[in-house]
Amino acid sequence: MGVFDRLPPMDHLRSEKMCFVQLIIPAESARVAVTYLGELGLLQFKDLNEDKSPFQRIFVNQVKRCAEMSRKLRFFSDHINKAGVRSSVRPALEPDIDLEELEARLGEHEHELLEMNTNSDKLQQTYNELLEFKLVLTKAGGILASSHNHAASAERELDENIYDREVDEGNAYLLEQGVHQGSSGNSGVRFVSGIILKSKALAFERMLFRATRGNMLFNQAPAGEPVTDPISGEEVEKTVFVIFFSGEQAKTKILKICDSFGASCYPVPEEMIKQRQIFNEVSARLSDLEVTLDAGIQHRNKALESVGSQLWRWTIMVKKEKAVYDTLNMLNFDVTKKCLVGEGWCPIFAKSQIKDCLQRATLHSNSQVGIIFHEMDTTESPPTYFRTDKFTNAFQEIVDAYGVARYQEANPAVYSVVTFPFLFAVMFGDWGHGICLLLGALVLILREKKLSSQKLGSFMEMAFGGRYVILLMAIFSIYCGLIYNEFFSVPFHIFGKSAYECREKSCSDAHTAGLIKVRDPYPFGVDPSWYGSRSELPFLNSLKMKMSILMGVAQMNLGIMLSYFDARFHGNALDIRYQFIPQMIFLNSLFGYLALLILIKWCTGSQADLYHVMIYMFLDPAGDLGENQLFWGQKELQILFLLLALVAVPWMLFPKPFILKKLHKERFQGHTYRFLGTSEMDPDSEPDSARARHDDFNFSEVFVHQMIHSIEFVLGAVSNTASYLRLWALSLAHSELSTVFYEKLLLLAFGYNSVILKAAGLIVFAFATAFILLMMESLSAFLHALRLHWVEFMNKFYHGDGYKFKPFSFALLADEED
């Protein structure tokens with residue numbers, strides 16, 4: 001094992017070493033110190049006031065002030081967006097201001113903006129009312145004019161004694177009487193004119209008819225254009241109405257109904273001359289109001305532009321101040337010593353940087369007392385922190401989606417950088433499709449700076465975040481596509497001539513019959529002659545199925561090996577002796593042996609049936625192998641592997657719980673035990689011992705836990721190996737689907753002489769390739785590769801029950817604001 005000790009450590013395999021620290025900060029330098037620590041972003045504070053509500057903490061007033069300023073900034077931002085004013089992302093250069101000055105300026109700007117909004121709303125309401133009045137004058141004047149004409153003709157009929165005075169002609173009689181006598185008479189007909197929502201006009205007319213018992217005449221005309229409602233400010237369809245009635249009681253009812261329906265009533269004189277005068281006056285006032293409103297909007301937009309030029313800077317400043325006071329509320333305040341006491345986690349490499357920050361904070365705050373910073377012992381589990389960059393971050397996020405690693409646990413993301421895109425490519429192997437993916441990934445990478453500053457949709461944001469994952473998936477897809485020799489399902493003679501030729505020169509069908517091997521095997525990948533032959537599917541199925549088993553056994557062995565390095569790193573010899581060793585023996589005695597048989601069969605060209613070999617290894621271990629024997633001593637080796645697999649199961653199950661029980665008894669009795677001489681003496685250090693302490697050790701619980709773990713591994717060895725056959729299934733499905741699209745769309749269309757059919761076939765083929773093969777199939781392969789890593793690979797060693805290191809950092813605030 002000394003070889004492993006001499007190897008250099010891998011940066012990302014283990015999380016950063018953390019230490020629990022305590023800070024004792026004088027009250028006068030607390031705010032400056034926390035601000036500097038936020039700029040550094042390498043210290044995670046622990047909340048020492050969990051039992052207190054937010055309103056019981058020391059700096060609650062400062063937090064309220066910052067929240068109020070945030071509200072004002074959101075108010076400005078909403079008005080800027082509503083007005084369509086462009087606020088510059090890069091703020092104008094202005095001298096720095098403190099929080100008190102910013103609070104005063106925000107208050108002044110808000111008061112000014114509210115006053116402008118109030119004045120603008122009043123002017124806009126007046127403008128909308130005048131606009132409605134103008135429409136009512138236009139439409140109601142036409143209604144009144146038509147009523148006058150109707151009344152004049154009725155008068156001529158009366159003079160000729162043709163008019164029949166019947167009581168049932170109430171509405172016409174009232175109209176004529178009103179025209180004769182005018183609206184000023186006590187017993188004459190009057191009218192009310194106004195405007196109402198078009199959707200309410202029918203119900204409005206019915207209500208008027210019932211309230212006046214039919215003693216009214218309702219005339220209406222559409223406004224003809226959308227009208228801005230003076231109350232709601234929305235553009236709506238309205239209808240102008242004129243109601244003719246008689247009597248004060250009817251007038252009172254009609255006005256109340258108008259008010260309840262939200263109708264606006266406007267006075268319209270009967271005389272055409274007065275109507276024209278009022279119409280001209282209203283038009284003049286409307287033009288004046290338009291000028292005033294435009295000037296007000298320009299003035300408000302200038303005010304919003306001046307605020308918008310500093311909005312981003314002010315927002316970040318307020319967010320930082322609020323974050324500082326929220327963090328200060330997590331510290332304990334020592335009244336006697338007038339200092340704040342804080343605790344938290346930081347990486348060991350950051351201790352010197354934190355000390356420098358604290359020294360600068362002491363100097364800049366002119367404090368007479370320095371800040372005390374020292375390490376503390378704790379029983380809490382440290383947070384997990386991996387330093388990632390834009391390349392490794394996406395792979396780390398894939399692992400963290402399953403579960404955050406324990407502190408100093410082996411990190412699967414290190415291996416997933418290679419294994420994840422490779423397993424994807426095994427299922428997606430086609431170098432034509434791989435080139436398409438590569439082009440998409442390169443577009444995202446080359447436009448990285450531009451896209452990172454834009455607000456993207458959910459799908460584009462996901463694709464942009466995983467741009468380097470897509471890049472590696474594309475590169476490996478090209479590699480696997482070259483091995484499969486598939487370019488949009490079409491084989492090519494890229495690396496030389498085929499190893500097979502027609503037996504006779506007159507052979508016309510070189511794909512189905514008469515092929516013989518005439519030269520060395522094809523240098524790289526699958527020979528193109530296999531495609532289109534009668535044995536294409538059996539050959540490719542056999543190749544991909546066996547390849548899937550080999551990859552699965554290799555990756556599962558890698559997972560078990562990582563469990564060894566984990567146990568060795570934490571000094572858990574029990575896990576090595578009674579978990580790692582029997583697991584390696586069990587897996588490789590059965591499926592490692594199967595992988596060995598596959599390799600031997602490939603190398604020797606044997607016709608042995610491996611299904612028969614593996615089945616009768618259990619049913620008849622001592623039976624004769626016959627033609628299925630691949631090498632000398634195979635039967636004896638099979639019996640040995642079968643016995644080792646049977647021994648490995650109780651080896652995993654029984655020793656560890658009983659050894660832990662013995663260690664507990666010796667500890668409980670105060671014995672100095674030297675049983676193993678390593679840190680496995682402490683049950684707390686055993687990751688799979690349910691972390692039982694000496695005072696509450698439960699043997700039955702530990703035994704059941706170990707039994708479940710053993711059964712899960714034994715059954716999982718079979719099911720996980722079978723699960724890797726999805727590599728074969730999806731690769732076959734992708735290849736066959738590509739073939740169907742190529743032959744049934746592209747070749748079929750190009751078989752016709754019509755240019756239109758050829759173009760249509762090419763377009764349909766392009767869309768099918770883009771949306772089905774490049775999008776749906778790539779998503780399917782991605783999810784299956786994800787499952788193989790989460791379930792089949794990571795469950796061999798990965799616990800994933802830790803918690804992330806979340807430092808107090810201003811950089812995170814700026815990212816959220818972006």
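Colleague: Buried means under 20% relative accessible area, exposed over 50%, and partly exposed in between (1.4 Å probe, protein chains only). By that rule, is Glu792 buried or exposed?

Modeller: Glu792 counts as buried because its relative accessibility is 0%. Please note that this is a predicted model, in which local features need pLDDT of at least 70 and side-chain atom pairs count only at pLDDT 80 or more, while totals for chains, interfaces and linings use all residues. Residues are numbered from 1 along each chain as its sequence is written, and side-chain values use heavy atoms, with hydrogens and water left out.

Colleague: Which side chain meets Glu792 in a salt bridge?

Modeller: Arg787 does, at 2.8 Å from N to O. A salt bridge here is a side-chain nitrogen of Lys or Arg within 4 Å of a carboxyl oxygen of Asp or Glu. Arg787 counts as partly exposed because its relative accessible area is 34%.

Colleague: How many salt bridges does the structure hold?

Modeller: There are 21 salt bridges. One of them pairs Lys238 with Glu132, with the closest N and O atoms 2.7 Å apart. Lys238 belongs to strand E7 (residues 238-246) and Glu132 to helix H4 (residues 99-159), so the pair ties together parts that are 106 residues apart in sequence. Helices (H or I, at least four residues) and strands (E, at least two) are DSSP runs, numbered from the N terminus.

Colleague: Are Lys238 and Glu132 buried or exposed?

Modeller: Both Lys238 and Glu132 are buried. Another salt bridge joins Glu397 to Lys804, where the closest N and O atoms are 3.5 Å apart. Glu397 sits in helix H10 (residues 393-402) and Lys804 in the loop between H23 and helix H24 (810-817), so this pair connects parts 407 residues apart in sequence. Glu397 is partly exposed at 39% relative accessible area, and Lys804 is partly exposed at 32% relative accessibility.

Colleague: Now the cysteines. How many disulfides does the count come to?

Modeller: The count comes to zero, a disulfide being a pair of cysteine sulfur atoms within 2.5 Å. For Cys19, the nearest cysteine sulfur is that of Cys346, 3.6 Å away.

Colleague: Which strands does E1 bridge to?

Modeller: Strand E1 (residues 18-26) has eight of its nine residues buried. Nine bridges join E1 to strand E10 (residues 339-347), and the two run antiparallel. Five bridges join E1 to strand E11 (residues 372-376), also antiparallel. Two strands pair if DSSP finds at least two bridges between them. Phe20 stands opposite Trp345 in E10, and its bridge partner in E11 is Met376.

Colleague: Where does UniProt place the coiled-coil region?

Modeller: The unreviewed UniProt entry places it at residues 99-126. UniProt positions are given in the numbering used here, feature names are shortened, and annotations may be inferred rather than shown by experiment. In the model, residues 99-126 are 100% helix and 0% strand, with the end C-alpha atoms 40 Å apart.
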